Number of protein chains: 2
Amino acid sequence: MSEPTVIFLPSGKRGIVNKGTTVLDAARQLSVDLDSVCGGRGICSKCQISPSFGDFSKFGIKSESSSLSHFNKVEMRYQEKRGLKTGRRLGCQVRILSDIVIDVPEESQLHRQVVRKEAEFHKIIMSPAIQLYYVEVQEPDIKIPSGDCERLQEALEAQWKIKNIHICLSVMQSIQNKLRDGNWTLTCAIFRNSQTKSNEVVEIWSGYFDGPIYGVAVDIGSTTLAAHLCDLKTGEVTNSEGMMNPQIKYGEDLMSRVSYAMMNERGAAKMSVAIREGIDNLLSSLCKSSKIPKDTVLELVIVGNPIMHHLILGIDPTELGQAPFALSIADSISMKASDLDINLNNNTQLYILPCIAGHVGADAAAVVLSTSPEESLGTVLVIDVGTNAEILLGNKKGLLACSSPTGPAFEGAQISCGQRAAPGAIENVRIDPQSKIVIFKVIGSELWSNDKNFWPSVEQSGITGICGSGIIEAIAEMRLAGIVDESGLIGSYEQTGSNLCVSDGRTQAFILHKSKDGTKDIIVNNADIRAIQLAKAALFAGAKLLMDEMGVGRVDKIILAGAFGAHISPKHAMVLGMIPDCKLENVVSAGNAAGTGARIALLNKESRNKIELLVKNITKIETAMAEDFQGHFIAASNIPNSSEDFPELKKIISLPNVNFNHRTSKRTKRVQKNSSLDI
Amino acid sequence: MSEPTVIFLPSGKRGIVNKGTTVLDAARQLSVDLDSVCGGRGICSKCQISPSFGDFSKFGIKSESSSLSHFNKVEMRYQEKRGLKTGRRLGCQVRILSDIVIDVPEESQLHRQVVRKEAEFHKIIMSPAIQLYYVEVQEPDIKIPSGDCERLQEALEAQWKIKNIHICLSVMQSIQNKLRDGNWTLTCAIFRNSQTKSNEVVEIWSGYFDGPIYGVAVDIGSTTLAAHLCDLKTGEVTNSEGMMNPQIKYGEDLMSRVSYAMMNERGAAKMSVAIREGIDNLLSSLCKSSKIPKDTVLELVIVGNPIMHHLILGIDPTELGQAPFALSIADSISMKASDLDINLNNNTQLYILPCIAGHVGADAAAVVLSTSPEESLGTVLVIDVGTNAEILLGNKKGLLACSSPTGPAFEGAQISCGQRAAPGAIENVRIDPQSKIVIFKVIGSELWSNDKNFWPSVEQSGITGICGSGIIEAIAEMRLAGIVDESGLIGSYEQTGSNLCVSDGRTQAFILHKSKDGTKDIIVNNADIRAIQLAKAALFAGAKLLMDEMGVGRVDKIILAGAFGAHISPKHAMVLGMIPDCKLENVVSAGNAAGTGARIALLNKESRNKIELLVKNITKIETAMAEDFQGHFIAASNIPNSSEDFPELKKIISLPNVNFNHRTSKRTKRVQKNSSLDI
């Protein structure tokens, strides 16, 4: 009788193995993705499989229950003590006797896929840089003296084929007791260091240790720090926590922090200490609220804009505040978290994604990693909107990147009734084009303001202001309702027929919400519109610059990244001319793309090589140097009128042809004068 | 006319180069060892050469002054500002026009040789792991954004062909200022990490920096710490300093420290802190007294016995105090000095030599490195005598090692008038065989005690006791003078005719020095002789065990290592039967061989690979396990009588045939009973 054929599903990998081969060994021979921590000793049960029986004519084999060995002692004991799901077998124990079809369930796959919330994006394939390995170590022999560490290395090489092993100092210090406590068995957490090609034993446990072990993805924003605790086995986010960036006290925005570094002795050093302490505290708090020991966090991935990137590393960011905006270091960085005074495990590994350019940081690289524009056939525009907008454009043929100084208007700053996104802030606005009646929604309530239950639902917060996405909707709706003209001027009651248009000095304002006592009216005035026009013109001009550079007149897809991107209404953004013309259904949000990119780098070590290579090949455009930028900026100041530049917008919307001021030329000049783009 | 032939001396390397090639380039093409820090820019002047002119018929060429280009501007300026020795040229400036013979002076050779004090041993070939490289770095270009670190990497690759570069965090932090201060030039100290194969930029200086940079070789003894500051360019020892091992407070000898670790909570940790602080203080003091900045010390090499090795690493040495004497780690270790709380430069590299076995440490490995028994055709016995003696035996065919528990008698402990080697201690003794008159020398004076100026010369110290080498000479001389018999018994006045033999209870004592008031007589009694007999028997038995294992009856050379080894008189050692029979002229001292081995590892990176490989191939013998050891020990208890075991000794000396006690069998039994060899 011939040797049995084995077919693994879902991979479809097939091959002929020697009769009596265990399923785990067969999987290894055929490079099938079957997990094991204990190396086939029937301890870890990670290698569970489900045989499929029947006549598999499509594979040309019959798979019968007699194709497998009976339950052996190890399986019996496991079944008795911990129970196996019906139909499951331990892959390291069950032997193949004749042709068989084997299902590898999702949870037994080493490189299982983790689904992301944003359904349209790639799943994350688990391939963490740190994994657990159980080993049996030779006892010391007085006749052949060798160190415990050397015998561990020999065991890892013999039992796991792992070579070039480096043992961390704290492991050297604890190996004696742990080996003896574990009766000469250990579980090792091994970090595959792709830079040095060495395999670093970063932590050990006596005997068999099943985890969990953790990694944390950290996104250092100028305003907030966010940390996502991930199980390095399942890839799931176990817990997330955020806090204000403690550097806030040295300056609200990036440029004021650079100024602080320039103007104060040891200013940069103080901010470095602040951010390091902040992250250390955040991670302590995250571990505490997750009820996990800090030393089970074995990896950390950090992303941030170039200034945060430099400050966490202890590098003075002054050079980033002035041309030629030279980074001290652009490449990705691997070190120990303790090098940055972050106290987790002694040997917690730290990876910082590469920066793209002086204004386009590791956070933008993380956005690339999570949105993958380089894999698209069509041209994709990725916009991460914040105080500084990072803009990426590209497809399979290449990627371009720039940043554009949009200023803080999109975050509700510099807006008369503006505020940060928080309960009480207006975030959605609709204006009836005929009646000019305004309805809105505020953060904290799901209801529109004309719902009978709206007022009770906002009783607690009240209506306190308007946030970034709210102001965009408000101005776009005002434009659609004929309250604002192409140049951004608000019409008067006489011009618009709406008594919500009120005089505001030499210009007009529009009342979104009239408070009962008149003290807290939420209005939009012409200065607000001008601020948004400046911001959106900067954003649009950056996108346009990249499109010119790439030689494309339009984009096939727009991805809005960042917390703000998640709340922008694509239609309203397009009405305002924030983003180039595109089919509305092709404008999508990537959510917290920078944080997700950090998580991808944390969970999949190959993604690190990928982004390092990608970043090197991105064409970087410095808006401050681009001659066309100013022109694009001025051209983008107006609110579009569905002209030839916006054919897709024209298909779905017709904008009222109103003009509330005949001195347009003067108006344009004013915008130009105000457009101080020097950051 | 054909292209010129160039011949370099003293290497004799020859080749044909293109006309107009600089001498430095020609040297590089022909792999001639010609130094350069500035990379051929006429700054460093390290590449100075001396052309030789004349008719070199033995080489088949004529070498004429017209064979070289005239002084160019760079050479002129250098000549003017700093001066060139007559006949010297700058190798990077002078061009080869026709056939030429070039002398590379010693100081222009990158791998120059450093001569050692102990003339019979190898010179050290300079090949430090850290070297300086001057580079010109591209200024940042706003159009092609890249980090300062990346441009440094590109410069090092283009100008020095150095790839796989890792830049240390502190360098990332300082590169901005140093690059700009140095007008986009830097000198880099680069560590060639043989483990990771990466080239680590550990320190940078603005512009051209000529050093010096330093390394320190540290020998951690149980009693004393010794540190030798070495110039990493010349290899010379600039300064040395020593101090008591601060662990002394936890126990005088190794085993009492192991006990302390076993009996006290955090006992090992306390001793680790003590030794780390001790070394940190010693190095600070060394830098201070040498008037050099601590951060110019870029490398550290540490050696020590296994217990010191474990304690400096923060590893509990308890396992080393009991069978099977398992090391936690035996292999060599590379890390940063700061990992062990030793504060020099942020990135000072630390290398710890491998341990050979549980009782034969990194100090013994260093002894191998400095004495090279593995290169000898004849069989070499290397003995490093201390509380524990490390014994090595071998030749080109192989090496064996063991340690033997000699106890502290050789250091003057357990001896009635014994003391450490210090002023006032008797270190040499002679006894006239006829008159039995004793003369001696004490530490602190160059004179024998029968010199008329002797007493004034020792007035300050007085005569305080007898040190290890003194007691060996005293007993050996007593044996030669017929005062002691083969079994180690001292004869009485009646038996010897010497009135210096006095009754001492049931046995006799011998007076070496009678003090004026009779209170401070320096004597040798039978208990002293017994202690030395035990110690020398253990030493001899260890050597004999290795000789048996190797199958050799005699050795061709004996190398005595260690401070004690340097003071032992070979003849007296042989008379006592401390060392096996050997031609006296072939018994040599290697001085502080462990310290020298550490220095070799510091100055020559290839020696590290060599010792790592060697150590793995050494056959380790555990005396505690060897069945023959006890037999050898008992057999070696007596003082030899120039029998068949000592033919070489017999040639030069005839020992008096005396026997002061007929109950020899009983005596032997007593020695046996006292020979508690468990450590």
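**Close-up views of chains A and B**

**View 1. Polar contacts link chain B and chain A.** Across this interface, 18 residue pairs are in polar contact, both residues of each pair having pLDDT 80 or more. The model is predicted. On chain B, the elements that give two or more residues to the side touching chain A are α3 (148-160), α4 (169-181), α7 (306-313) and β18 (333-336). α4(B) gives the most, with six residues. By class, that side of chain B has 21 nonpolar, 12 polar and 12 charged residues.

View 2. About 3,400 Å² is buried between them. Carbon and sulfur atoms give 61% of this area. B:I142, B:M172 and B:Q176 supply 19% of the area that chain B buries against chain A, more than any other three residues. The contact takes 45 residues from chain B and 45 residues from chain A.

**View 3. A salt bridge joins B:E319 and A:R180.** Their closest N and O atoms are 3.1 Å apart. Two salt bridges are found across the interface of chain B and chain A.

**View 4. The largest cavity has a volume of about 130 Å³.** It is lined by 15 residues. Nearest its centre lie B:P128, B:Q131, B:L132, B:L232 and B:K233. The lining has nine nonpolar, two polar and four charged residues. The count of cavities of 30 Å³ or more comes to five.

**View 5. The second largest cavity has a volume of about 90 Å³.** Of its 14 lining residues, A:P324, A:F325, B:D141, B:P145 and B:S146 are the closest to its centre. This lining divides into nine nonpolar, two polar and three charged residues.

Note on methods. Residues numbered from 1 in each chain as written. Chains lettered and ligands numbered in written order. Predicted model: local features only at pLDDT ≥ 70, side-chain atom pairs only at ≥ 80, totals over all residues. Heavy atoms only, no water. Contact = heavy atoms within 4.5 Å. Buried area = accessible area lost by both parts, 1.4 Å probe. Salt bridge = Lys/Arg side-chain N within 4 Å of Asp/Glu carboxyl O. Polar contact = N/O pair within 3.5 Å; in protein donor to acceptor, adjacent residues only side chain to side chain. Helix = DSSP H or I, 4+ residues; strand = E, 2+ residues; numbered from the N terminus. Nonpolar A, V, L, I, M, F, W, Y, C, P; charged D, E, K, R; others polar. 1 Å grid on protein atoms, 1.4 Å probe; cavity = no way out; pocket = protein on both sides within 12 Å on 5 of 7 lines; lining within 4 Å. Points joined across faces, edges and corners; volume = space filled by probe spheres on them.
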